[in-house]
Amino acid sequence: MAANGFIAVQAAVSALDFITGRSTVLEAEWQAKTASGDPQPRTTYLMLLTQFVTDEQTDMTTLVGIEAAGTGYARQPVPWAAASSDTRRTANSDLVQFGPFSDPVGLATPITGAALVTRMTSTAGQPSGLCLMAWNLGTPITTAQNQALQLAPGSLSMTLAVS
């Protein structure tokens with residue numbers, strides 16, 4: 001999955017607030033996850049998208065409306081390697097797999113991107129969680145019946161640039 005990503009506005013604000021010691025919406029979100037019984041309060045999830053997104057479209061209401069759907073699809077947790085302090089970079093440390101998709105058409109709509117979010121599930125009527133980062137693919141991905149989409153370890157990375 002070759003893609004260029006951008007950090008979502010909320011994640012940038014949360015990162016800066018965390019660095020400066022201010023309380024953050026992100027921390028409140030993780031605390032809410034703990035209170036609601038999610039087993040790992042700091043787990044992030046990857047959702048697949050069926051339309052290209054811009055930074056202005058990274059609110060959860062928009063993302064839930066363009067999230068992939070089909071039998072066998074669910075957001076997947078992303079295991080992250082420890083961030084490197086010299087490059088301020090991290091990458092997925094293990095395989096991330098979606099599917100296999102059992103519908104005769106796989107996922108009916110091509111995948112054009114992905115978003116890193118703080119909730120495993122959301123509904124269109126009541127989206128929850130935060131979008132931390134989004135990626136648009138250079139080439140849309142289509143799926144067939146019984147096919148799975150896999151991200152190899154190291155293929156999804158984030159770098160915090162400091163100037």
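Start with the largest nonpolar core, which has 31 residues. Select Leu46, Met47, Leu48, Leu63, Tyr73 and Phe98, the members that touch the most others. A nonpolar core here is a set of buried Ala, Val, Leu, Ile, Met, Phe, Trp, Tyr and Cys residues joined through side-chain atoms within 4.5 Å. Buried means under 20% relative accessible area, exposed over 50%, and partly exposed in between (1.4 Å probe, protein chains only). In soluble globular proteins, nonpolar side chains tend to be buried together.

This is a predicted model: local features need pLDDT of at least 70, and side-chain atom pairs count only at pLDDT 80 or more, while totals for chains, interfaces and linings use all residues. Residues are numbered from 1 along each chain as its sequence is written, and side-chain values use heavy atoms, with hydrogens and water left out.

Next, colour the elements. The protein chain has three helices and nine strands, in the order β-α-α-β-α-β-β-β-β-β-β-β from the N terminus. Helices (H or I, at least four residues) and strands (E, at least two) are DSSP runs, numbered from the N terminus.

At least two of the core residues come from each of β2 (45-49), α3, β5, β6 (111-117), β7 (131-141) and β8 (147-151). Strand β7 gives the most, six residues.

Now select Tyr73 and Phe98. The structure holds one aromatic pair, and these two residues form it, stacked at 5.9 Å centre to centre with 10 degrees between the planes. Rings of Phe, Tyr and Trp (its six-membered ring) pair if their centres lie within 6.5 Å; planes under 30 degrees apart count as stacked, over 60 as edge-to-face and the rest as tilted. The pair links distant parts of the chain: Tyr73 is in the loop between α3 (60-65) and β3 (76-77), and Phe98 is 25 residues away in strand β5 (residues 96-101). Tyr73 counts as buried because its relative accessibility is 14%; Phe98 is also buried, at 1%.

Show what surrounds Phe98. Leaving aside neighbours within four places in sequence, Phe98 is in contact with Leu46, Leu48, Tyr73, Ala74, Arg75, Gln76, Ala148 and Leu149. Contact means heavy atoms within 4.5 Å.

Stay in strand β5 and pick Pro100. Pro100 is partly exposed, with a relative accessible area of 45%. Its C-alpha atom is 7.8 Å from that of Tyr73, 27 residues apart along the chain. Not counting residues up to four places away in sequence, Pro100 touches Thr71, Gly72, Asn146, Gln147 and Ala148.

From Phe98's contact list, take Arg75. Arg75 forms a salt bridge with Glu67, the closest N and O atoms being 2.9 Å apart. A salt bridge is a side-chain nitrogen of Lys or Arg within 4 Å of a carboxyl oxygen of Asp or Glu. A search of the whole structure finds one such bridge. Both Glu67 and Arg75 are buried.

At 13% relative accessibility, Thr90 counts as buried. A polar atom of the Thr90 side chain lies 2.6 Å from the backbone oxygen of Ala81. Beyond four places in sequence, Thr90 touches Trp80, Ala81, Ala82, Ala83, Leu156, Ser157 and Met158.

Finally, zoom out to the whole chain. Of its 163 residues, 36% are buried. Residues 24 or more positions apart account for 71% of the contacts with a separation of 6 or more.

Technical notes: Polar contact = N/O pair within 3.5 Å; in protein donor to acceptor, adjacent residues only side chain to side chain.
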